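Subject: Structure for you to look at

Dear colleague,

I am passing on the structure we talked about. My notes on it follow below the structure itself.

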Amino acid sequence: MIEDKYGITIGLEIHAQLLTSTKIFCSCDANVFDREPNSSICPVCTGQPGALPVLNEEVVRKAVMAALALNCKINRYSRFDRKNYFYPDLPKGYQITQYFYPIAENGYLNIKIGEGNKKIRIRRLHIEEDAGKMLHSSDNITQATHSLVDLNRCGIPLIEIVTEPDIESPIEARLFMEKLRDILRYIDVCTGDMEKGALRCDANISIYNKETLERSSRVEVKNINSFRFVEKALDFEADRIKKMMEKGERVEQETRGWDFSSRSTVSMRSKEEESDYRYFPEPDLPPLIVSEDYINELKEKLPELPDEKIQRFQSEYNLLEYDATVLSSSKKLADFFEDCVRLYNNPKRLSNIIINDLLSLLNEHNVEIDGTKIRPEAIVKIAKLIDSSKISASNAKSILEETFKTGKDPQDIVKEKRLEQIDDEEFLNKIIEKVIQQNSKAVEDYRKGKKGVVGFLVGMVMRETRGKANPKVVSQMIESKLNES
Ligand SMILES: [Zn+2]
């Protein structure tokens with residue numbers, strides 16, 4: 001089969017926008033998403049003559065935090081270089097980056113594949129500035145023939161993360177990107193929002209024949225702007241190259257873009273060589289030197305990262321690995337869970353409510369936990385109501401939904417809607433007798449050994465009480481009644 005014959009080699013280059021208040025070399029506001037074009041610019045970020053860059057310390061701090069979280073070695077000496085190229089959205093004619101001496105190197109990140117872990121090595125992590133954005137209005141409706149430039153993004157701080165070619169399938173590439181996003185969010189360094197351009201991914205892919213070891217040229221895939229498309233674009237490209245190799249065609253070394261509308265990659269240009277950029281040291285910025293103390297101080301500030309948290313949730317709260325992983329997927333959610341546990345020590349119950357009921361509400365309304373009216377106290381109240389058999393698990397869900405929408409106290413909702421479970425035996429006895437009388441056939445079946453009819457009779461009682469009877473109590477009562485008569 002064609003699938004078994006070929007192997008895939010993928011390396012990723014990821015640009016992550018650092019969450020800083022100002023830009024990298026000037027004091028312009030760095031929060032430019034959805035902002036009026038060219039409203040956050042100055043002589044420095046637009047490269048006016050005589051304007052000089054000053055490095056933003058917050059950029060260095062966040063880059064070092066990211067590098068530490070990705071297990072990189074921090075270089076105490078690093079330097080900035082100019083990458084020279086012309087593009088209308090780059091008024092300086094060069095981009096300031098770290099080419100020769102990056103701030104960090106030799107890191108790694110583990111991704112989960114099946115039951116095991118796979119280490120993906122990170123070759124380097126460096127600091128650089130972003131360029132502006134072109135708007136080409138060549139659509140068929142306006143017949144416009146002009147292009148516009150928005151320089152708001154010029155000088156937005158980025159880190160570029162380059163992996164070794166350790167990734168062996170499109171799925172692994174997606175898992176790597178997801179894990180990276182989770183970590184960057186944990187340490188509050190990047191929003192991780194691919195759709196808004198805060199995290200961007202370019203991939204290098206080549207295919208080799210496992211028997212002959214013949215290898216295709218490397219193709220670069222750009223413009224992958226969502227987690228879904230990381231896997232899709234690479235699947236498409238791997239198939240395209242495999243088919244060409246199968247036919248004996250030559251695979252060009254080139255840059256291709258992921259085209260959303262055709263769900264395919266299209267050729268953009270033949271790949272330029274690094275030497276075409278004529279890198280040289282940036283004369284307007286001194287070398288960047290960070291002290292051992294500075295690095296250690298940031299190391300101590302690093303929060304517990306997802307992998308450690310998953311481990312701890314399993315050992316400390318006795319949760320299943322799956323549950324621990326879901327709860328640790330964001331720091332906010334994990335903190336919320338632990339706030340609940342601090343108030344009520346039944347981690348299993350709390351984790352069930354959060355994973356089964358709360359998360360589906362969050363997904364449905366597309367919000368994060370801190371953007372809702374739900375407080376840990378509410379989840380704890382619901383957990384206690386279930387544990388004391390006051391409400392059923394199915395009612396718990398609707399109570400949570402009501403609290404989610406209105407912020408009302410779960411106990412008040414139970415009272416208002418009379419949702420409390422009925423376990424008053426005298427009351428239940430009357431209903432059970434009525435149900436047994438009306439279903440003499442089922443009673444006969446039970447005597448003949450069909451024990452399953454108990455479930456049916458419980459269901460009838462639940463219907464009579466509109467789901468409020470305590471099913472456990474009802475089941476016991478029915479069984480003893482059927483056995484005695
Ligand atoms: Zn500026």
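A donor here is an N, O or S atom within 2.8 Å of the metal, a limit that is 3.2 Å for Na, K and Ca. Please keep in mind that this is a predicted model.

Zinc site

The zinc ion is held by four SG atoms, those of C26, C28, C42 and C45, at 2.3 to 2.4 Å. The angles among the 4 donor atoms are 101 to 114°, and the site is tetrahedral. Along the chain, the donors are spaced as C-x1-C-x13-C-x2-C. C28 and C45 both sit in the loop between strand 1 and helix 2 (57-69), so this pair ties together parts that are 17 residues apart in sequence. Both cysteines are buried: C28 has a relative accessibility of 9%, and C45 has 6%.

Sheet and helix 3

The model has an open sheet of 9 strands with mixed pairing, in the order 2-6-7-10-1-11-12-13-14. Strand 2 (73-74) and strand 14 (264-270) are at the edges with a single partner strand each, so one side of each has no neighbour in the sheet. Helix 3 (residues 170-186) packs on this sheet and touches strand 1 (6-17), strand 6 (104-113), strand 7, strand 10 and strand 11 (199-209). The direction of helix 3 makes about 115° with that of strand 6. Strand 7 (residues 116-129) and strand 10 (residues 157-163) run antiparallel and are joined by 7 bridges. In this pairing, I122 stands opposite T163 of strand 10.

Salt bridges

The whole structure contains 43 salt bridges. One of them joins K118 to E168, with the closest N and O atoms 2.5 Å apart. K118 is in strand 7 and E168 in the loop between strand 10 and helix 3, 50 residues apart. K118 is buried at 16% relative accessibility, whereas E168 is partly exposed at 46%.

E164 and R123 also form a salt bridge, at 3.2 Å from N to O. This pair likewise links the loop between strand 10 and helix 3, where E164 lies, to strand 7, where R123 lies, 41 residues apart. E164 is buried at 18%, and R123 is partly exposed at 39%.

Finally, a network of salt bridges links E304, K309, R312, E316 and E338.

Regards

How values were computed: Residues numbered from 1 in each chain as written. Predicted model: local features only at pLDDT ≥ 70, side-chain atom pairs only at ≥ 80, totals over all residues. Heavy atoms only, no water. Pairing = 2+ DSSP bridges. Helix = DSSP H or I, 4+ residues; strand = E, 2+ residues; numbered from the N terminus. Contact = heavy atoms within 4.5 Å. Axes fitted to C-alpha atoms, helices over the stretch in contact; angles between N-to-C directions. Tetrahedral: all angles 85-135°; square planar, octahedral: opposite > 155°, others 65-115°. Buried < 20%, exposed > 50% of the residue type's maximum accessible area, 1.4 Å probe, protein only. Salt bridge = Lys/Arg side-chain N within 4 Å of Asp/Glu carboxyl O.
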